[in-house]
Every structure is written in C-alpha cells, then in structure tokens.
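Hi,

Here is the structure I promised to pass on.

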Amino acid sequence: MAGTTHARMRRKLLWRWRRNPLRRRSDRVETWIVLTTWIVALAGGLLGGKAAGSAMEDDLAHRRAAVHVVSAVLTEDADAAPAVTEDGIGDMVHAKVRWTAPDGSAHTGLTRIEPGRVKGSSVAVWTDRQGDLVRAPLAADQAGLQSALTGVLVAAGTGAVAFGCGRLARLRLDRRRMRNWESEWARVAPSGGRT
C-alpha cells in the first residue's frame, strides 16, 4: 500500500516531465518556467535572507562597537511626569546634560532619562567617537531578533518576487497559447458557422 502511494505521489510530482506525444513546445517551456521559479524562490530566498540577516547583524555590531557609555551630569531638574505621546504616556523625559568628550572638551545636550531626576544627578549617556550624543544601541539579543526578522522578510520578499515573475511568464505563455489556438481553430474550423 505504501509503495503504491509513493508511486502515485512521484507521478503526480513529475507529471510535467513525462513523455507525451501531445505535449507541445509551450508545455516544455512552462515546465522549465515552473522549475526555475521554484529554484530561484527557494535558493534565492534562503541565500538572500541569510545575506540580509548577516549584513544587519554586522551593521548592528558595528554600531555597538562605535558607541560607548559616558557619565554625564544633569544641568537642570527633569520633569516629574513623562509627556503624553501619540502612543500614550511615555516612560522617559528629555533633560539637559553635560559630559566630557574623549578629547577633554565639555559638551551639553538633551537626552532621555527617567522622570523626577534632580539637577546635579549623574546619568549614563551614549556617545560616539567624537563625543556627540547618540541613541543607545540595541542589546545583543534585540539585535539578533532584528537580524533574524530582516532575514525572514528579505527571504519572503525574494520568494514572492520570484513567484510573481514566474506567474507573469506563465501568463504570457498562456496568452500566446490562446492566440495560437485561435489561429489554428480559424484555419481548421468549419466555414459554415456550425460546429
């Protein structure tokens, strides 16, 4: 029973490749279009997703390596309550801080901190190599998740583009078949208008 099921499945999967005297050239072209579409969708999706995920991971690692934590001092009291945003109430407030850059120069700027901090408090801020304030980089687990999601999105997009191109090629092939069929029918159809 299992052998016959396997044989039926094999025939079903390979129906496009079987020998048939009625098989037209367009049928063989369609077979190659389908095969190429699947190969490009699967292999291209996997390779594209892997490359995009690796590139994103490398970029995020480079960003993490390019910034570092510096101790800064609040130059004014922070608001006691966070501002209301479009998404609801935020959990951070903006406050002015002062810090020293790697070259020894003093800098001031706005950063996001917890509400209710008082003037003179020490806070940690992220700076780049020039000493300018930047956003905190993603943690390693967040960066890994973002890289994985980017890879999945690129793989799905690559597969969708491949399937779309394959479908477009098959649609053009079907239109050509219909034109050929119409011309052939006009040539051999009975001239009296009756079939």
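Predicted model: local features only at pLDDT ≥ 70, side-chain atom pairs only at ≥ 80, totals over all residues.

Let's begin with helix α3, which covers residues 140-188. At 1.5 Å a residue, its 49 residues should span 72 Å, and the end C-alpha atoms are 71 Å apart, so the two figures agree.

Which residues of α3 are buried? They are Ala-143, Ser-147, Gly-151, Gly-159, Ala-162, Gly-166, Leu-173 and Arg-177. Part of their cover comes from α2 (25-66).

Leaving aside residues up to four places away in sequence, Ser-147 touches Gly-53, Met-56, Glu-57 and Leu-60.

Met-178 also sits in α3, but with a relative accessible area of 48% it is partly exposed. Together with Trp-181, Trp-185 and Val-188, Met-178 forms a nonpolar patch on the surface, and the four share about 470 Å² of accessible area.

Now the sheet. Five strands make up an open sheet in the order β5-β4-β1-β6-β7, and the pairing is antiparallel. The edges are β5 (106-113) and β7 (133-134); each has a single partner strand, so one side of each has no neighbour in the sheet. For β5, strand β4 (residues 93-100) runs antiparallel to it and is joined to it by 8 bridges. In one of these pairings, Val-93 has Ile-113 of β5 as its bridge partner.

Cheers

How values were computed. Residues numbered from 1 in each chain as written. Heavy atoms only, no water. Helix = DSSP H or I, 4+ residues; strand = E, 2+ residues; numbered from the N terminus. Expected span 1.5 Å × (residues − 1). Buried < 20%, exposed > 50% of the residue type's maximum accessible area, 1.4 Å probe, protein only. Contact = heavy atoms within 4.5 Å. Patch = residues over 30% accessible without salt bridge, like charges linked within 9 Å, V, L, I, M, F, W, Y side chains within 5 Å. Areas by Shrake-Rupley, 256 points an atom, 1.4 Å probe, with all protein chains shown as cover. Salt bridge = Lys/Arg side-chain N within 4 Å of Asp/Glu carboxyl O. Pairing = 2+ DSSP bridges.
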